[in-house]
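This report goes through one structure, moving from a chain to a sheet and then to an interface. Please look at the sequence and the model before reading on.

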Amino acid sequence: MLDRVLKSNTVWLCSSCYYCTVRCPSGIKVTDIMYELKRLGVEFGLVQEGAIAPTMSKEFVNLVDKYGRVHETLLMIKVLLKTRPFAAVKMMPQGLKLFMRGRFPLLPHRIAGISEMKKCAGAMTDALVTGLHPGGTKGDEV
Amino acid sequence: MQSRIEFSYYPGCSLEGMNRAYDDSARLICKELGIDLKELKDWNCCGASAYMSIRELRAHLLSARNLAIAEKEKKDLAVVCPACFTNLTKTNHYMGEDAKLRRTVGSALKAADLQYLGSVKVRHLLDVIVNDIGESEVKAKVTRPLSGLKVAPYYGCQFTRPLGDYDDKEFPMMLDTLLTWLGAQPVNYPLKAKCCGGILMTTNEKVALRLVRSLLDCAVQNEATCVATICPLCHITIELYQGSVNKEFGTRFKFPLFYFTQLMGLAFGFNRKQLKIDQELVSSKAVLKALEVAQ
(Lines give C-alpha, C1' and ligand atoms only; values in the text may rest on other atoms or scores of the structure.)
Protein backbone atom coordinates (compact mmCIF):
# COMPACT_ATOMS: atom_id res chain seq x y z
CA MET A 1 0.00 0.00 0.00
CA LEU A 2 2.74 2.44 1.01
CA ASP A 3 4.46 1.57 -2.23
CA ARG A 4 1.35 2.38 -4.25
CA VAL A 5 0.80 5.70 -2.55
CA LEU A 6 4.38 6.95 -2.63
CA LYS A 7 5.00 5.89 -6.21
CA SER A 8 1.75 7.43 -7.47
CA ASN A 9 1.69 10.34 -9.83
CA THR A 10 -0.32 12.49 -7.42
CA VAL A 11 2.31 13.10 -4.79
CA TRP A 12 4.94 14.81 -6.94
CA LEU A 13 2.43 16.43 -9.26
CA CYS A 14 1.22 18.54 -6.35
CA SER A 15 2.42 22.08 -7.02
CA SER A 16 1.43 23.43 -3.57
CA CYS A 17 -1.44 25.58 -4.88
CA TYR A 18 -3.26 24.99 -1.55
CA TYR A 19 -6.76 24.89 -3.10
CA CYS A 20 -7.45 21.61 -1.29
CA THR A 21 -6.24 23.03 2.01
CA VAL A 22 -8.48 26.10 1.91
CA ARG A 23 -11.46 24.14 0.60
CA CYS A 24 -11.41 21.17 2.98
CA PRO A 25 -14.50 21.53 5.20
CA SER A 26 -12.75 19.57 7.95
CA GLY A 27 -9.68 21.78 7.95
CA ILE A 28 -7.33 19.00 6.84
CA LYS A 29 -4.06 20.44 5.60
CA VAL A 30 -3.89 18.32 2.48
CA THR A 31 -0.89 20.17 1.02
CA ASP A 32 1.10 19.49 4.21
CA ILE A 33 0.18 15.82 3.89
CA MET A 34 1.52 15.85 0.32
CA TYR A 35 4.79 17.26 1.67
CA GLU A 36 4.91 14.48 4.23
CA LEU A 37 4.34 11.87 1.50
CA LYS A 38 7.11 13.42 -0.59
CA ARG A 39 9.49 13.22 2.37
CA LEU A 40 8.51 9.62 3.07
CA GLY A 41 9.08 8.68 -0.56
CA VAL A 42 12.53 10.25 -0.60
CA GLU A 43 13.44 8.65 2.75
CA PHE A 44 12.32 5.16 1.66
CA GLY A 45 13.50 5.50 -1.93
CA LEU A 46 9.93 4.99 -3.10
CA VAL A 47 9.28 7.51 -5.84
CA GLN A 48 7.70 7.19 -9.24
CA GLU A 49 10.11 5.89 -11.82
CA GLY A 50 11.48 8.68 -14.00
CA ALA A 51 10.02 11.41 -11.77
CA ILE A 52 12.11 14.57 -12.02
CA ALA A 53 10.63 16.42 -9.04
CA PRO A 54 12.53 14.48 -6.31
CA THR A 55 15.84 15.24 -8.03
CA MET A 56 14.83 18.87 -8.34
CA SER A 57 14.00 19.11 -4.65
CA LYS A 58 17.28 17.45 -3.62
CA GLU A 59 19.34 19.78 -5.82
CA PHE A 60 17.43 22.73 -4.37
CA VAL A 61 18.28 21.65 -0.83
CA ASN A 62 21.95 21.17 -1.80
CA LEU A 63 22.16 24.70 -3.18
CA VAL A 64 20.47 26.27 -0.15
CA ASP A 65 22.67 24.30 2.26
CA LYS A 66 25.78 25.40 0.38
CA TYR A 67 25.00 29.06 -0.31
CA GLY A 68 22.04 30.00 1.90
CA ARG A 69 20.17 31.15 -1.18
CA VAL A 70 19.08 29.59 -4.42
CA HIS A 71 20.54 30.49 -7.77
CA GLU A 72 17.55 29.62 -9.92
CA THR A 73 19.27 29.29 -13.29
CA LEU A 74 22.03 27.13 -11.81
CA LEU A 75 19.32 24.94 -10.27
CA MET A 76 17.54 24.53 -13.60
CA ILE A 77 20.78 23.65 -15.39
CA LYS A 78 21.76 21.08 -12.74
CA VAL A 79 18.35 19.40 -12.79
CA LEU A 80 18.07 19.31 -16.57
CA LEU A 81 21.58 17.91 -17.00
CA LYS A 82 20.81 15.18 -14.48
CA THR A 83 17.41 14.24 -15.82
CA ARG A 84 16.90 15.47 -19.38
CA PRO A 85 20.19 16.56 -20.96
CA PHE A 86 18.52 16.99 -24.32
CA ALA A 87 16.05 19.48 -22.84
CA ALA A 88 19.00 21.43 -21.42
CA VAL A 89 20.30 21.91 -24.98
CA LYS A 90 16.80 22.86 -26.14
CA MET A 91 16.63 25.55 -23.45
CA MET A 92 19.82 27.26 -24.56
CA PRO A 93 18.17 29.90 -26.77
CA GLN A 94 15.94 30.93 -23.86
CA GLY A 95 18.96 31.03 -21.57
CA LEU A 96 20.78 33.23 -24.02
CA LYS A 97 17.80 35.56 -24.26
CA LEU A 98 17.74 35.91 -20.46
CA PHE A 99 21.49 36.55 -20.44
CA MET A 100 21.17 39.26 -23.11
CA ARG A 101 18.52 40.98 -21.00
CA GLY A 102 20.77 40.92 -17.94
CA ARG A 103 18.56 38.38 -16.18
CA PHE A 104 21.07 35.56 -15.86
CA PRO A 105 23.42 36.22 -12.96
CA LEU A 106 26.50 34.08 -13.43
CA LEU A 107 27.69 33.49 -9.89
CA PRO A 108 25.69 32.32 -6.89
CA HIS A 109 25.68 34.57 -3.83
CA ARG A 110 26.81 32.98 -0.59
CA ILE A 111 25.32 34.56 2.54
CA ALA A 112 27.64 35.68 5.33
CA GLY A 113 25.80 33.59 7.92
CA ILE A 114 26.16 30.28 6.09
CA SER A 115 28.35 28.69 8.77
CA GLU A 116 25.91 29.74 11.52
CA MET A 117 23.09 28.29 9.46
CA LYS A 118 24.98 25.01 9.31
CA LYS A 119 25.49 25.13 13.08
CA CYS A 120 21.75 25.65 13.62
CA ALA A 121 20.86 22.81 11.27
CA GLY A 122 23.39 20.58 13.03
CA ALA A 123 21.79 21.40 16.37
CA MET A 124 18.52 19.78 15.38
CA THR A 125 17.78 16.27 14.25
CA ASP A 126 15.50 16.30 11.28
CA ALA A 127 14.87 12.60 11.19
CA LEU A 128 11.91 11.30 9.29
CA VAL A 129 9.63 10.55 12.20
CA THR A 130 9.95 13.70 14.22
CA GLY A 131 6.61 13.57 15.93
CA LEU A 132 6.34 17.20 14.96
CA HIS A 133 3.40 17.67 12.71
CA PRO A 134 2.24 21.25 13.00
CA GLY A 135 -1.39 21.51 13.86
CA GLY A 136 -1.65 17.88 14.83
CA THR A 137 0.46 17.65 17.95
CA LYS A 138 -1.50 19.70 20.40
CA GLY A 139 -2.42 16.62 22.39
CA ASP A 140 1.14 15.75 23.27
CA GLU A 141 2.50 19.18 24.01
CA VAL A 142 4.55 19.15 27.15
CA MET B 1 4.75 66.32 4.74
CA GLN B 2 3.78 62.76 3.95
CA SER B 3 4.28 60.31 6.79
CA ARG B 4 6.66 57.43 6.16
CA ILE B 5 6.27 53.81 7.18
CA GLU B 6 9.16 51.42 7.69
CA PHE B 7 9.55 47.75 6.93
CA SER B 8 12.28 45.18 6.81
CA TYR B 9 12.28 44.01 3.24
CA TYR B 10 12.70 40.44 2.04
CA PRO B 11 13.31 40.28 -1.72
CA GLY B 12 13.81 36.51 -2.03
CA CYS B 13 16.11 34.58 -4.35
CA SER B 14 14.00 34.97 -7.47
CA LEU B 15 14.25 38.75 -7.26
CA GLU B 16 18.01 38.71 -7.33
CA GLY B 17 17.95 36.32 -10.27
CA MET B 18 15.66 36.38 -13.26
CA ASN B 19 13.20 38.87 -11.76
CA ARG B 20 15.50 41.73 -10.79
CA ALA B 21 13.09 44.18 -12.47
CA TYR B 22 10.46 43.29 -9.86
CA ASP B 23 12.86 44.20 -7.05
CA ASP B 24 13.97 47.46 -8.68
CA SER B 25 10.44 48.60 -9.54
CA ALA B 26 9.17 47.67 -6.05
CA ARG B 27 11.88 49.75 -4.36
CA LEU B 28 11.21 52.66 -6.72
CA ILE B 29 7.47 52.89 -6.16
CA CYS B 30 7.83 52.34 -2.41
CA LYS B 31 10.18 55.31 -2.20
CA GLU B 32 7.58 57.33 -4.07
CA LEU B 33 4.82 56.23 -1.68
CA GLY B 34 6.78 56.90 1.50
CA ILE B 35 7.39 53.24 2.35
CA ASP B 36 10.94 52.78 3.69
CA LEU B 37 12.19 49.34 2.75
CA LYS B 38 15.31 48.27 4.60
CA GLU B 39 16.63 45.05 3.13
CA LEU B 40 16.70 42.28 5.74
CA LYS B 41 20.34 41.79 6.72
CA ASP B 42 21.93 38.67 5.23
CA TRP B 43 18.56 37.01 4.58
CA ASN B 44 18.45 33.39 3.44
CA CYS B 45 16.25 31.44 1.04
CA CYS B 46 12.69 30.69 2.26
CA GLY B 47 12.99 27.11 1.00
CA ALA B 48 10.22 27.47 -1.59
CA SER B 49 8.21 24.26 -1.93
CA ALA B 50 11.28 22.12 -2.66
CA TYR B 51 13.01 22.26 0.73
CA MET B 52 9.83 21.28 2.56
CA SER B 53 9.58 18.25 0.26
CA ILE B 54 12.84 16.88 1.66
CA ARG B 55 13.20 18.21 5.22
CA GLU B 56 10.44 19.59 7.38
CA LEU B 57 12.20 21.03 10.42
CA ARG B 58 15.08 22.55 8.51
CA ALA B 59 12.58 24.19 6.17
CA HIS B 60 10.99 25.87 9.21
CA LEU B 61 14.46 26.76 10.46
CA LEU B 62 15.15 28.65 7.22
CA SER B 63 12.13 30.90 7.72
CA ALA B 64 12.73 31.17 11.47
CA ARG B 65 16.21 32.60 10.88
CA ASN B 66 14.74 35.33 8.65
CA LEU B 67 12.01 36.07 11.20
CA ALA B 68 14.58 36.23 14.01
CA ILE B 69 16.66 38.77 12.10
CA ALA B 70 13.55 40.84 11.36
CA GLU B 71 12.61 40.75 15.05
CA LYS B 72 16.08 42.02 15.95
CA GLU B 73 15.56 44.90 13.51
CA LYS B 74 12.24 45.60 15.30
CA LYS B 75 10.24 45.93 12.11
CA ASP B 76 7.55 43.99 10.33
CA LEU B 77 8.62 42.14 7.25
CA ALA B 78 7.43 43.19 3.78
CA VAL B 79 7.63 40.49 1.13
CA VAL B 80 6.87 40.61 -2.57
CA CYS B 81 7.17 36.96 -3.67
CA PRO B 82 3.99 35.06 -2.68
CA ALA B 83 5.94 31.79 -2.25
CA CYS B 84 8.33 33.45 0.22
CA PHE B 85 5.33 35.12 1.86
CA THR B 86 3.61 31.75 2.29
CA ASN B 87 6.65 30.03 3.79
CA LEU B 88 7.48 32.86 6.20
CA THR B 89 3.83 33.15 7.23
CA LYS B 90 3.41 29.41 7.66
CA THR B 91 6.45 29.06 9.90
CA ASN B 92 5.39 32.12 11.88
CA HIS B 93 1.94 30.65 12.33
CA TYR B 94 2.99 27.07 13.07
CA MET B 95 5.64 28.15 15.57
CA GLY B 96 2.97 30.22 17.27
CA GLU B 97 0.53 27.35 17.64
CA ASP B 98 2.89 24.39 18.18
CA ALA B 99 4.99 24.59 21.35
CA LYS B 100 7.09 21.59 20.42
CA LEU B 101 8.05 23.05 17.07
CA ARG B 102 8.77 26.40 18.73
CA ARG B 103 11.13 24.73 21.21
CA THR B 104 12.94 22.62 18.63
CA VAL B 105 13.49 25.44 16.16
CA GLY B 106 14.18 27.89 18.98
CA SER B 107 16.98 25.80 20.45
CA ALA B 108 18.52 25.32 16.99
CA LEU B 109 18.51 29.09 16.45
CA LYS B 110 20.47 29.50 19.68
CA ALA B 111 23.47 27.87 17.99
CA ALA B 112 23.75 31.11 16.00
CA ASP B 113 22.90 33.35 18.99
CA LEU B 114 19.49 34.01 17.49
CA GLN B 115 16.05 33.80 19.02
CA TYR B 116 12.55 34.31 17.76
CA LEU B 117 9.81 35.38 20.15
CA GLY B 118 7.05 35.59 17.55
CA SER B 119 6.51 39.35 17.31
CA VAL B 120 7.07 39.88 13.57
CA LYS B 121 4.16 40.38 11.19
CA VAL B 122 4.80 39.16 7.67
CA ARG B 123 3.08 41.39 5.11
CA HIS B 124 2.69 41.18 1.37
CA LEU B 125 3.65 44.45 -0.29
CA LEU B 126 0.39 44.60 -2.27
CA ASP B 127 -1.54 44.37 1.01
CA VAL B 128 0.61 47.17 2.47
CA ILE B 129 0.02 49.42 -0.55
CA VAL B 130 -3.74 48.83 -0.75
CA ASN B 131 -4.56 48.75 2.97
CA ASP B 132 -1.91 50.90 4.68
CA ILE B 133 -1.22 53.49 2.00
CA GLY B 134 -4.69 53.44 0.48
CA GLU B 135 -6.62 54.88 -2.40
CA SER B 136 -6.16 58.61 -1.96
CA GLU B 137 -2.38 58.50 -1.52
CA VAL B 138 -1.88 56.13 -4.44
CA LYS B 139 -4.15 58.18 -6.69
CA ALA B 140 -2.31 61.37 -5.67
CA LYS B 141 0.88 59.95 -7.20
CA VAL B 142 -0.70 59.05 -10.53
CA THR B 143 0.54 61.46 -13.18
CA ARG B 144 0.00 59.24 -16.19
CA PRO B 145 -3.26 57.29 -15.80
CA LEU B 146 -3.15 53.94 -17.57
CA SER B 147 -6.39 54.82 -19.37
CA GLY B 148 -7.71 52.14 -21.65
CA LEU B 149 -5.07 49.57 -20.65
CA LYS B 150 -6.91 46.25 -20.41
CA VAL B 151 -5.09 44.12 -17.89
CA ALA B 152 -5.59 40.51 -16.81
CA PRO B 153 -4.95 40.62 -13.05
CA TYR B 154 -3.11 37.42 -12.25
CA TYR B 155 -2.50 36.49 -8.61
CA GLY B 156 -1.32 32.87 -8.88
CA CYS B 157 -1.67 30.30 -6.10
CA GLN B 158 -0.01 31.56 -3.00
CA PHE B 159 -1.01 35.21 -2.71
CA THR B 160 -3.81 34.36 -0.30
CA ARG B 161 -3.55 30.59 0.01
CA PRO B 162 -3.28 29.17 2.55
CA LEU B 163 -2.84 31.92 5.15
CA GLY B 164 -3.21 35.35 3.51
CA ASP B 165 -6.37 36.49 5.25
CA TYR B 166 -6.46 40.00 3.77
CA ASP B 167 -8.35 38.93 0.63
CA ASP B 168 -10.50 36.12 -0.74
CA LYS B 169 -8.69 32.78 -0.90
CA GLU B 170 -10.07 31.78 -4.28
CA PHE B 171 -11.08 35.00 -5.97
CA PRO B 172 -8.93 37.84 -4.63
CA MET B 173 -9.71 41.41 -5.72
CA MET B 174 -6.89 43.53 -4.32
CA LEU B 175 -4.90 43.79 -7.55
CA ASP B 176 -8.10 44.57 -9.50
CA THR B 177 -8.77 47.42 -7.09
CA LEU B 178 -5.23 48.79 -7.33
CA LEU B 179 -5.35 48.68 -11.14
CA THR B 180 -8.50 50.83 -11.17
CA TRP B 181 -6.74 53.38 -8.94
CA LEU B 182 -4.04 53.57 -11.63
CA GLY B 183 -6.69 54.27 -14.29
CA ALA B 184 -6.28 50.84 -15.92
CA GLN B 185 -9.11 48.47 -16.72
CA PRO B 186 -8.81 45.06 -15.04
CA VAL B 187 -10.69 42.53 -17.15
CA ASN B 188 -12.76 39.72 -15.72
CA TYR B 189 -10.21 36.95 -15.21
CA PRO B 190 -11.70 33.74 -13.83
CA LEU B 191 -8.31 31.96 -13.72
CA LYS B 192 -6.73 34.73 -11.63
CA ALA B 193 -5.74 32.48 -8.72
CA LYS B 194 -5.06 29.22 -10.58
CA CYS B 195 -1.66 27.57 -10.80
CA CYS B 196 0.64 28.63 -13.67
CA GLY B 197 2.54 25.36 -13.63
CA GLY B 198 5.55 27.05 -12.08
CA ILE B 199 8.00 24.50 -10.88
CA LEU B 200 6.18 21.80 -12.89
CA MET B 201 7.75 23.34 -15.99
CA THR B 202 10.99 21.63 -14.96
CA THR B 203 9.42 18.43 -13.65
CA ASN B 204 6.22 17.83 -15.73
CA GLU B 205 6.57 20.07 -18.76
CA LYS B 206 3.48 18.87 -20.67
CA VAL B 207 1.18 19.57 -17.74
CA ALA B 208 2.72 22.98 -17.13
CA LEU B 209 2.47 24.04 -20.76
CA ARG B 210 -1.24 23.22 -20.71
CA LEU B 211 -1.72 25.41 -17.65
CA VAL B 212 0.11 28.37 -19.22
CA ARG B 213 -1.94 27.97 -22.37
CA SER B 214 -5.24 28.12 -20.51
CA LEU B 215 -4.11 31.26 -18.64
CA LEU B 216 -3.29 32.99 -21.92
CA ASP B 217 -6.45 31.74 -23.64
CA CYS B 218 -8.51 33.14 -20.80
CA ALA B 219 -6.75 36.52 -21.01
CA VAL B 220 -7.41 36.72 -24.76
CA GLN B 221 -11.05 35.69 -24.40
CA ASN B 222 -11.56 38.50 -21.92
CA GLU B 223 -9.87 41.01 -24.23
CA ALA B 224 -6.85 41.78 -22.09
CA THR B 225 -3.76 43.09 -23.85
CA CYS B 226 -1.32 42.34 -21.07
CA VAL B 227 -1.03 40.43 -17.79
CA ALA B 228 -0.17 41.95 -14.40
CA THR B 229 1.63 39.59 -12.03
CA ILE B 230 2.41 39.46 -8.32
CA CYS B 231 4.49 36.29 -8.30
CA PRO B 232 7.97 36.20 -9.87
CA LEU B 233 7.69 32.49 -10.61
CA CYS B 234 4.37 32.92 -12.45
CA HIS B 235 5.87 35.86 -14.29
CA ILE B 236 8.93 34.04 -15.58
CA THR B 237 6.91 30.90 -16.39
CA ILE B 238 4.38 32.68 -18.59
CA GLU B 239 7.05 34.88 -20.13
CA LEU B 240 9.75 32.33 -20.83
CA TYR B 241 7.53 29.50 -22.05
CA GLN B 242 5.13 31.37 -24.36
CA GLY B 243 7.24 30.24 -27.31
CA SER B 244 7.05 26.61 -26.14
CA VAL B 245 3.26 26.92 -25.73
CA ASN B 246 2.98 28.26 -29.27
CA LYS B 247 5.12 25.41 -30.59
CA GLU B 248 3.22 22.73 -28.66
CA PHE B 249 -0.31 23.92 -29.46
CA GLY B 250 0.10 25.91 -32.69
CA THR B 251 -1.04 29.10 -30.94
CA ARG B 252 0.32 32.59 -31.58
CA PHE B 253 0.51 34.22 -28.19
CA LYS B 254 2.67 37.31 -27.83
CA PHE B 255 1.47 38.52 -24.51
CA PRO B 256 3.48 41.12 -22.59
CA LEU B 257 3.62 40.86 -18.80
CA PHE B 258 4.21 43.45 -16.11
CA TYR B 259 4.96 43.06 -12.43
CA PHE B 260 2.25 45.07 -10.67
CA THR B 261 4.98 47.39 -9.39
CA GLN B 262 5.97 48.23 -12.98
CA LEU B 263 2.40 49.26 -13.81
CA MET B 264 2.36 51.43 -10.69
CA GLY B 265 5.65 52.98 -11.78
CA LEU B 266 4.29 53.69 -15.26
CA ALA B 267 1.25 55.40 -13.77
CA PHE B 268 3.53 57.40 -11.46
CA GLY B 269 5.37 58.75 -14.52
CA PHE B 270 8.55 56.63 -14.53
CA ASN B 271 9.87 55.44 -17.88
CA ARG B 272 10.52 51.94 -19.25
CA LYS B 273 14.20 52.04 -18.42
CA GLN B 274 13.75 53.14 -14.81
CA LEU B 275 11.28 50.29 -14.33
CA LYS B 276 13.51 47.80 -16.17
CA ILE B 277 10.67 47.05 -18.58
CA ASP B 278 13.38 46.82 -21.24
CA GLN B 279 14.42 43.48 -19.67
CA GLU B 280 11.17 41.88 -20.83
CA LEU B 281 11.17 38.82 -23.09
CA VAL B 282 7.89 39.64 -24.87
CA SER B 283 7.74 43.22 -26.12
CA SER B 284 5.20 45.56 -24.55
CA LYS B 285 6.01 48.47 -26.84
CA ALA B 286 2.82 48.20 -28.89
CA VAL B 287 0.71 48.00 -25.74
CA LEU B 288 2.40 51.01 -24.17
CA LYS B 289 2.41 53.14 -27.30
CA ALA B 290 -1.10 54.35 -26.60
CA LEU B 291 0.04 55.52 -23.16
CA GLU B 292 2.85 57.56 -24.70
CA VAL B 293 5.49 56.05 -22.48
CA ALA B 294 9.01 57.22 -23.31
CA GLN B 295 11.18 54.32 -24.48
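How many helices and strands are there in chain A? In this predicted model, chain A has nine helices and zero strands. Along the sequence, the pattern of chain A therefore reads as α-α-α-α-α-α-α-α-α. Of the 142 residues in chain A, 30% are buried. Taking the contacts in chain A between residues at least 6 apart in sequence, 57% join residues at least 24 apart.

Chain B contains strands, among them β7 (residues 226-229). B:Cys226 and B:Ala228 point one way from β7(B), while B:Val227 and B:Thr229 point the other way. All four of these residues are buried. In a regular strand, side chains alternate between the two faces of the sheet. β7(B) pairs with β5 (residues 150-154) of chain B and with β8 (residues 257-259) of chain B, as the table sets out.

| Strand paired with β7(B) | Sense | Bridges | Residues opposite each other |
|---|---|---|---|
| β5(B) | parallel | four | B:Ala152 and B:Val227 |
| β8(B) | parallel | three | B:Thr229 and B:Tyr259 |

The two chains also touch. The contact takes 54 residues from chain A and 50 residues from chain B. On the side of chain B that touches chain A, the elements giving two or more residues are α2 (56-72), α3 (82-97), α4 (99-110) and α8 (200-203) of chain B. The largest share, seven residues, comes from α4(B). By type, the residues on this side of chain B are 24 nonpolar, 14 polar and twelve charged.

Conventions. Residues are numbered from 1 along each chain as its sequence is written. Chains are lettered from A and ligands numbered from 1 in the order in which they are written. This is a predicted model: local features need pLDDT of at least 70, side-chain atom pairs count only at pLDDT 80 or more; totals for chains, interfaces and linings use all residues. Two residues are in contact if their C-beta atoms, placed from the backbone, lie within 7 Å. Ala, Val, Leu, Ile, Met, Phe, Trp, Tyr, Cys and Pro count as nonpolar, Asp, Glu, Lys and Arg as charged, and the others, Gly among them, as polar. A residue is buried if 20 or more other C-beta atoms lie within 10 Å of its own, exposed if 12 or fewer, and partly exposed in between; C-beta atoms are placed from the backbone. Two strands pair if DSSP finds at least two bridges between them.
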